[in-house]
Amino acid sequence: MKYGESTFDIIYLLFAIVMGVCILRRRRDAVGRQMGIAVLILGCGDSFHLIPRVLNYFVDGNFTPWLGFGKLVTSVTMTVFYLLLYRLWLRVYGEREERKLSIAVYALTAARILLCLLPQNRWLENESSMLWGVVRNIPFVALGGIDVWLFFRKRAELRVLRPVWLLVTLSFLFYIPVAVGAGLVPMLGMLMLPKTVCYMILIWVFWKLAREDGAGSKEP
């Protein structure tokens, strides 16, 4: 199992980081930068958790603090990713920014990051309680729900982005049981594999948009 999981993790990280760079190189306008930076933040953030996880399988030593710190970094960068997904929605569809909606998005982002930084998470011990797992994920799920709603509303307007709402929904359905109950039922951690597949498909969707709409664009 350790070989299969480690190989999958490495492939995902390489895929995310390489595709983020490719998107930035392929499409050089504001939308391309938004997509490329979002993908790089996702991949680089996940590396803080996945690299220690891979090393823990093959190297003797206590990786508990590194695994916990990696979860903290990943929690923050995933939150930023969904904030950028909202910003991408505004740019791609040319929507005027609604003050109340943006306030809600930024407030949920700030609340999630603040909750993740509190000592009750016990990140360095890598053993957060189920209650705290629920608390810190409430604003995160709400943030993701806004993104799902927004992309669902526009699903008929741009074919290449049609699956975004479904991929985000599935990623949360796979993520929530892990975030809440993996401490009690370790096997739930296996749900992170299909969640990661959703992310990889989402990255590929961004790449398709970069290829279809932005080849050679130099818009500032």
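## The largest cavity

The volume of the largest cavity is about 40 Å³. In this predicted model, local features need pLDDT of at least 70 and side-chain atom pairs count only at pLDDT 80 or more, whereas totals for chains, interfaces and linings use all residues. Residues are numbered from 1 along each chain as its sequence is written, and side-chain values use heavy atoms, with hydrogens and water left out.

On a 1 Å grid over the protein atoms alone, a cavity is a set of points where a 1.4 Å probe fits but cannot get out, and lining residues have an atom within 4 Å of a point. Grid points are joined across faces, edges and corners, and a volume is the space filled by probe spheres set on the points. One cavity of 30 Å³ or more is found in a search of the whole structure.

Met78, Tyr82, Phe140, Ser171, Phe172, Tyr175, Lys195 and Tyr199 line the largest cavity. Helix 6 contributes the most to this lining, with three residues, and helix 3, helix 6 and helix 7 each supply at least two. By class, the lining comprises six nonpolar, one polar and one charged residues (Ala, Val, Leu, Ile, Met, Phe, Trp, Tyr, Cys and Pro count as nonpolar, Asp, Glu, Lys and Arg as charged, and the others, Gly among them, as polar).

## The largest pocket

The largest pocket holds about 1,200 Å³ of space; a pocket is an open set with protein on both sides within 12 Å along at least five of seven lines. Its lining consists of 41 residues, of which His49, Arg53, Lys71, Val178 and Ala182 lie nearest the centre. Two or more lining residues come from each of helix 1 (2-26), helix 2 (30-58), helix 3 (64-93), helix 5 (130-153), helix 6 (164-181) and helix 7 (192-213).

Helix 2 provides the largest share of the pocket lining, six residues. The lining has 20 nonpolar, 12 polar and nine charged residues.

## Overall fold

The chain contains seven helices and zero strands (DSSP runs numbered from the N terminus: helices are H or I, at least four residues; strands are E, at least two). The radius of gyration, taken over C-alpha atoms, is 17 Å, close to the 17 Å that the globule rule gives for 220 residues, so the chain is as compact as a globular protein of that length. The rule is 2.2 Å times the number of residues to the power 0.38.

Of the 220 residues, 44% count as buried (under 20% relative accessible area, 1.4 Å probe, protein chains only).

Note on methods: Buried < 20%, exposed > 50% of the residue type's maximum accessible area, 1.4 Å probe, protein only.
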